[in-house]
Amino acid sequence: MKPATRCEQIKPFIVMDVMEKIHQMEAAGIDVVHMEIGEPDFDVPECVNRATRAALDCHATSYTHSLGDIRLREAIAQYHKDTYGTSVDPGQILVTSGTSPAMLLLFSALVNPGDEVIVSDPHYACYANFIHYVQGVPVFVQVFEDEGFVFTPEAIEVRITSKTKAIFINSPSNPTGNVIPEDRMKEIVAVAEKHGLYIISDEIYHGLVYEGKEHSILEYTPHAFVLNGFSKLFAMTGLRLGYLIAPPAFVRALQVLQQNFFICANSVTQLAGVAALKEAENDTRKMKEIYNRRRLYMLQRLNDMGLEVKVPPTGAFYIFVNVKHISTDSYALAFDILEKAHIGVTPGVDFGANGEGYLRFSYANSMENLTLGMDRMASYLATVS
């Protein structure tokens with residue numbers, strides 16, 4: 001006997017290979033600078049701690065509504081109105097145990113076997129795996145550094161077929177940190193509307209934009225699904241809280257899937273989410289200011305050592321660095337850097353074929369550690385130049 005064939009299409013998440021190797025090295029007493037993982041290094045805001053303790057103290061530990069606690073759904077709707085000027089019915093919101101379950105439910109409800117979803121290349125590694133899991137087909141459209149790693153409507157248009165169901169966008173992006181400009185988002189919406197397609201917008205890094213402003217897809221079209229959560233902006237990774245905003249016609253199907261697969265999201269965490277949305281603005285502003293200082297420092301150091309970033313990222317906490325002049329095998333290069341310089345970075349091939357020849361550096365680490373990492377990187381490059 002062997003696992004179901006659907007498991008064979010799910011590729012390993014390479015960054016986990018890097019992390020596991022780092023853990024082995026650290027267990028052996030080797031100091032490694034973590035620049036591979038996309039996890040905030042901040043504690044959760046104190047209001048989240050208070051809300052969590054209060055929820056436990058008042059025994060708010062029962063099942064909630066399968067769509068989510070109405071208090072949280074109303075807070076999410078208000079947040080979207082305040083942030084983007086959009087009107088979201090709380091009845092369109094499905095609260096989940098992180099954004100990944102939201103993605104699983106979304107693709108399960110939207111994609112029939114053989115349906116195609118257009119995805120950028122490079123892209124967050126798990127997107128394609130979710131699409132494969134529901135027997136859909138990810139159709140990759142290359143995006144390029146010189147164009148800010150942003151879709152062009154022309155490139156999307158030529159990949160649309162009779163089987164295309166949706167266009168997937170992620171802004172700010174993982175792994176590139178780039179933000180889709182407002183005009184380009186409107187052009188993508190025009191392409192989707194022309195062909196009767198939905199847009200899926202992963203907005204998990206919203207709030208972490210350092211130049212200009214991010215825009216929600218719901219500002220331009222109601223024919224869209226929005227994925228978001230509390231892991232990145234509010235540093236609540238381990239609390240596992242996300243949500244999906246869906247067109248009304250899909251809500252009941254999504255609710256039934258949630259009831260069967262997960263029942264509901266964690267009741268205590270949902271109340272912590274209410275506090276985060278209503279009370280954590282000062283905390284997130286401070287975190288954002290620190291991230292930006294790190295971003296600017298990293299860009300300067302990388303450029304100084306010959307790793308030029310042609311289009312500086314303006315969101316998330318990643319820098320996607322072109323290293324093709326050093327190696328076109330990003331996997332081997334990442335592990336060579338780890339072994340020789342004791343820096344963890346993510347190979348670009350983890351994010352698709354068009355990510356080959358790049359490394360992703362995360363600046364979700366202290367300035368002290370980033371400085372040490374950049375010093376080690378400069379020393380490493382001196383040995384390979």
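A cavity here is a set of points, on a 1 Å grid over the protein atoms alone, where a 1.4 Å probe fits but cannot get out, and its lining residues have an atom within 4 Å of a point. This is a predicted model, where local features need pLDDT of at least 70, side-chain atom pairs count only at pLDDT 80 or more, and totals for linings use all residues. Residues are numbered from 1 along each chain as its sequence is written, and side-chain values use heavy atoms, with hydrogens and water left out.

The structure has three cavities of 30 Å³ or more. Here are two of them, with volume taken as the space filled by probe spheres set on the grid points, which are joined across faces, edges and corners. Ala, Val, Leu, Ile, Met, Phe, Trp, Tyr, Cys and Pro count as nonpolar, Asp, Glu, Lys and Arg as charged, and the others, Gly among them, as polar.

| Cavity | Volume | Lining by class |
|---|---|---|
| Largest | about 130 Å³ | 10 nonpolar, seven polar, no charged |

Of the 17 residues lining the largest cavity, Ser120, Phe149, Asn170, Ser173 and Ile180 sit closest to its centre. Strand β5 (residues 164–170) gives the most to that lining, with three residues; strands (E, at least two residues) and helices (H or I, at least four) are DSSP runs, numbered from the N terminus.

Around the second largest cavity you'll find Tyr79, Tyr84, Ile204, His206, Asn228, Gly229, Leu233, Phe234, Tyr243 and Leu277.

Methods:
On a 1 Å grid over the protein atoms alone, a cavity is a set of points where a 1.4 Å probe fits but cannot get out, and a pocket is an open set with protein on both sides within 12 Å along at least five of seven lines; lining residues have an atom within 4 Å of a point.
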